[in-house]
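I opened a new notebook page for this chain. These entries record what I looked up, in the order I went.

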Amino acid sequence: MTSTRRWTRPLAAVSAVVIAIALLALPPVQAAADQLLKIFRVQEVVFVPVSQERMQQLEQLNFDESTLFVTEPERVNTPAEPRTVASAQEAEGLVGYPVAQLAPEGGVPSEIVVHDRGVYQFQVNVAAARELLQLAGVTNVQLPDALGEAPITADMAPTVITRYQGQGYTVTLAQGRSPQVTVPEGVELSQLGSAMLQLLGTSPDQAQTLSQQIDWSTTFVFPFPADMSGVRPVEVRGTKGLLVSGRSEGERNPHLYWQDGDRFYVLEASGDIREADFLALAESVR
């Protein structure tokens, strides 16, 4: 995955804000005036291209992204150890949702591992987030104090990781339900969406238009480097996905990320497999 590592560091500041702002930008599935917190679950992903020039600008900012948090993200529950099971049916009994599988031609399942639910929590430093936006040239959006008035909690449902052995390659399918995220009440959600889009390099006018068109109650914005040939959006079973092509020690090592309703999937392969065959495997997931 050498190709992806080259752009991981330039997006360090962005990733912190994706956590601290993009997640915060989503409104509740249900709202009540007397609720302190809002709850949402991601059902759609919008992939936003970020230019190399913008990534370099963000990397060169004189800003310590660790200051974005009053309390750093931490796991607050005590999960059980990962459990190896004998079948997808046994995994379903543990996780509480249908477990998808590759078509038989994708390979023979060699291992199915269930990872327990994880609950993560952190609190945003609004002053630092405002400083970052100012340094990045986003001056037409004011973040509300409410962003930092309560911790943010992400409740990750149990996940299932299945490994398949094919002819000359190995495939790993990770799947789970979208996290349920609890965020503070009292924010202008479209404004936060506009701030995040501008941080990623979208013009103020376009960011405002897009933020009004996006259904923030179900949508997560995923940034990716626009001018890197090994990373591109694709379609998987009628939904949007992101394909990361790579090589490791001479072998192909593609990764594919996609969302289908409230379910997310990550498919990874290593060994001798063509890209077309890899994408066909993703299409076969049922």
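**Entry 1: two phenylalanines**

I began with F69 and F122, and both are buried. Buried here means under 20% relative accessible area, exposed means over 50%, and partly exposed lies in between, with a 1.4 Å probe and protein chains only. I noted that this is a predicted model, where local features need pLDDT of at least 70, side-chain atom pairs count only at pLDDT 80 or more, and totals for chains, interfaces and linings use all residues. Residues are numbered from 1 along each chain as its sequence is written, and side-chain values use heavy atoms, with hydrogens and water left out.

**Entry 2: aromatic pairs**

Next I looked up ring pairs. Rings of Phe, Tyr and Trp (its six-membered ring) pair if their centres lie within 6.5 Å; planes under 30 degrees apart count as stacked, over 60 as edge-to-face and the rest as tilted. How many aromatic pairs does this rule give? The count is 3. F69 and F122 make one that is edge-to-face, at 5.5 Å centre to centre and 90° between the planes. This pair links distant parts of the chain: F69 sits in strand β3 (residues 69–75), F122 in strand β6 (residues 118–124), and they are 53 residues apart. I then turned to W258 and Y265. Their ring centres are 5.1 Å apart and their planes are at 20°, so this pair is stacked. W258 is buried at a relative accessible area of 5%. Y265 is buried too, at 9%.

**Entry 3: strands around β6**

I checked the neighbours of β6. Strands (E, at least two residues) and helices (H or I, at least four) are DSSP runs, numbered from the N terminus. Two strands pair if DSSP finds at least two bridges between them. β3 and β6 pair in the antiparallel sense, over 4 bridges. β6 also runs antiparallel to strand β7 (residues 152–156), with 5 bridges joining the two. Which residue of β6 stands opposite R75? I found Y120 there. Y120 also stands opposite A154 in β7. β6 is mostly covered, with 5 of its 7 residues buried.

V234 is found in strand β12 (residues 231–236). V234 is buried, with a relative accessible area of 14%. For contacts I used heavy atoms within 4.5 Å. Not counting residues up to four places away in sequence, V234 touches T239, K240, G241, L242, L243 and L256. I also looked up V234 and Y257: they are 23 residues apart along the chain, and their C-alpha atoms are separated by 9.5 Å.

T239 lies in strand β13 (residues 239–244). Is T239 buried or exposed? At 17% relative accessibility, T239 counts as buried. Leaving aside neighbours within four places in sequence, T239 is in contact with V234, W258, Q259 and D260.

R237 is in the loop between β12 and β13. R237 is partly exposed, at 37% relative accessible area. R237 has a positive phi of about 50°, although it is not a glycine.

In helix α8 (residues 275–284), I found F278, L281, A282 and S284 buried. They cover an arc of only 160° around the axis, which puts them on the same side of α8. The arc is that of the directions from the helix axis to the C-beta atoms. The buried residues of α8 pack against β9 (169–177), β12, β13, β16 (255–260) and β17 (263–271).

In helix α3 (residues 52–59), R54, M55 and L58 are buried. Seen down the axis of α3, they fall within an arc of 100°, so they line one face of the helix.

**Entry 4: the whole chain**

The chain has 8 helices and 17 strands. Of its 286 residues, 50% count as buried. Among contacts with a separation of 6 or more, residues 24 or more positions apart account for 73%.

**Entry 5: confidence**

pLDDT is the predictor's confidence in each residue, from 0 to 100. The chain averages 81, and 83% of the residues score at least 70. Where is confidence lowest in the chain? I found the lowest mean, 39, in helix α1 (residues 2–8), and the highest, 98, in strand β4 (residues 83–85). Over residues 1–36 the pLDDT is below 50, and this stretch has 86 contacts in the model beyond near neighbours in sequence. Where pLDDT is low, the predicted coordinates should not be read in detail.
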